[in-house]
Amino acid sequence: MRNTVDRNEGSISEKHLDYAGAKMGMWIFLFTEILFFGGLFLLYSVYRVKYLADFHSSASELDIVLGTANTIILLTSSMFMALSISSLRKGRKGRSILFQLITIGLGVFFLVNKYFEWSAHIHQGIYPDSPVLLDMARGRIIFFSLYYVMTGLHGLHVLIGVAIIAVMAAFTQRETVSPLDFVKLENTGLYWHFVDIVWIYLFPLFYLIT
Amino acid sequence: MSEAIVPRHGLNSRPYLLVWIGLVALTAATVTVARLNLTAFAALISIGIATVKAGLVLIFFMHLKYEPLILKVMLGIALLALSLIILLTFSDVWYRWGAHVHP
């Protein structure tokens, strides 16, 4: 398909595409995201040193099974995201859209699990500024505050990712995103994989270090 | 668009599946290690495994393997900045409030 595009003539279809520039712009945005989450990881590590015992006892109250399931869900969604891009580039539009929809489905599944997880904690009276939480040891208050802020911020990123992939699926259907111009989908993929990487670190820090 | 602008790599599905299998295996490994209660090293091992997983996602899913050197250098600087910020603050805090104060 690429070979049919005439390089010298393109009066009507000529569009200014800068594949390398578009991708570098996305990466630079991701660097700002690294430092954004990085600040919270810094807070986590500092307070973990100060309140080691409280952090360990609080972490043991989180559901490892649910956390592990959510890890597998996000890793699988990342694979489908990558496959949707390679499918599109091979000219398989239908399959690419299907893989994007699977990615969306897995993202929503992740958020549903998160909803049940948070509901269980809130039901126990553990939520930011709750009387039950404020009565606990200082380290536990900080642990659960960081838990809500960091997984909440991550969940917000998953939600935004799901919305953007939905737009990309529509773009792919309309061929705004095509095998010739797929950088929008690829940048969406970069964002989604970044969100996956953040969870890869959140999972051991909140669920496993007990 | 010329041939040179659009990359031709990463079209094969097989590597993505293999990387996914690796990522799931590492997740199983990190959960197992956490259950073993190796207290002193558990945290370091968990972070180590997470870093290997993040590396796999970066290199294969995010195609870092095929990116130009300039991008790798830029990412390296961003990660180095974050590591330094965490390491320096962490070492300072460890010295003040370390395990000997709060066992």
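What is the mean pLDDT of chain A, and what share of its residues reach 70 or more? The mean is 91, and 93% of the residues reach 70 or more, pLDDT being the predictor's confidence in each residue, from 0 to 100.

Some housekeeping. This is a predicted model, where local features need pLDDT of at least 70, side-chain atom pairs count only at pLDDT 80 or more, and totals for chains, interfaces and linings use all residues. Residues are numbered from 1 along each chain as its sequence is written, while chains are lettered from A and ligands numbered from 1 in the order in which they are written.

**Stop 1: chain A as a whole.** Show it as a cartoon. You get seven helices and zero strands (DSSP runs numbered from the N terminus: H or I of at least four residues for helices, E of at least two for strands). The C-alpha trace spans about 70 × 30 × 25 Å along its principal axes. Of the 210 residues in chain A, 39% are buried; that label takes 20 or more other C-beta atoms within 10 Å of a residue's own, exposed takes 12 or fewer, and partly exposed is in between, with C-beta atoms placed from the backbone.

Where pLDDT is low, the predicted coordinates should not be read in detail.

**Stop 2: helix H1(A).** Select residues 19-50 of chain A, which form helix H1. H1(A) has 32 residues and reaches 47 Å from its first C-alpha to its last, close to the 46 Å expected at 1.5 Å a residue (1.5 Å times one less than the number of residues). Which residues of H1(A) are buried? Colour Phe37(A), Tyr44(A), Tyr47(A), Arg48(A) and Val49(A). The cover over them includes H2, helix H6 (138-174) and H7 of chain A, together with H3 of chain B.

**Stop 3: where the chains meet.** The contact takes 43 residues from chain A and 39 residues from chain B. On the chain A side, the elements giving two or more residues are H1, helix H2 (52-59), helix H3 (64-89) and H7. H1(A) supplies the largest share of that side, 13 residues. By type, the chain A side divides into 28 nonpolar, nine polar and six charged residues; nonpolar here is Ala, Val, Leu, Ile, Met, Phe, Trp, Tyr, Cys and Pro, charged is Asp, Glu, Lys and Arg, and polar is the others, Gly among them.

**Stop 4: Tyr201(A).** Centre on Tyr201(A), in helix H7 (residues 183-208) of chain A. Is Tyr201(A) buried or exposed? Tyr201(A) counts as buried because 20 other C-beta atoms lie within 10 Å. Leaving aside neighbours within four places in sequence, Tyr201(A) is in contact with Phe41(A) and Ala50(B). Draw a C-alpha distance from Tyr201(A) to Phe41(A): they are 160 residues apart along the chain, yet separated by 9.1 Å.

**Stop 5: two positive phi values.** Jump to Asp129(A), in the loop between helix H4 (93-123) and helix H5 (131-134) of chain A. Its phi is near 70°, a positive value in a residue other than glycine. Asp129(A) is exposed, with 8 other C-beta atoms within 10 Å.

Finish on His63(B), in the loop between helix H2 (39-61) and helix H3 (69-97) of chain B. Phi of His63(B) is near 60°, again positive in a residue other than glycine. His63(B) is partly exposed, with 19 other C-beta atoms within 10 Å.

Conventions. Two residues are in contact if their C-beta atoms, placed from the backbone, lie within 7 Å.
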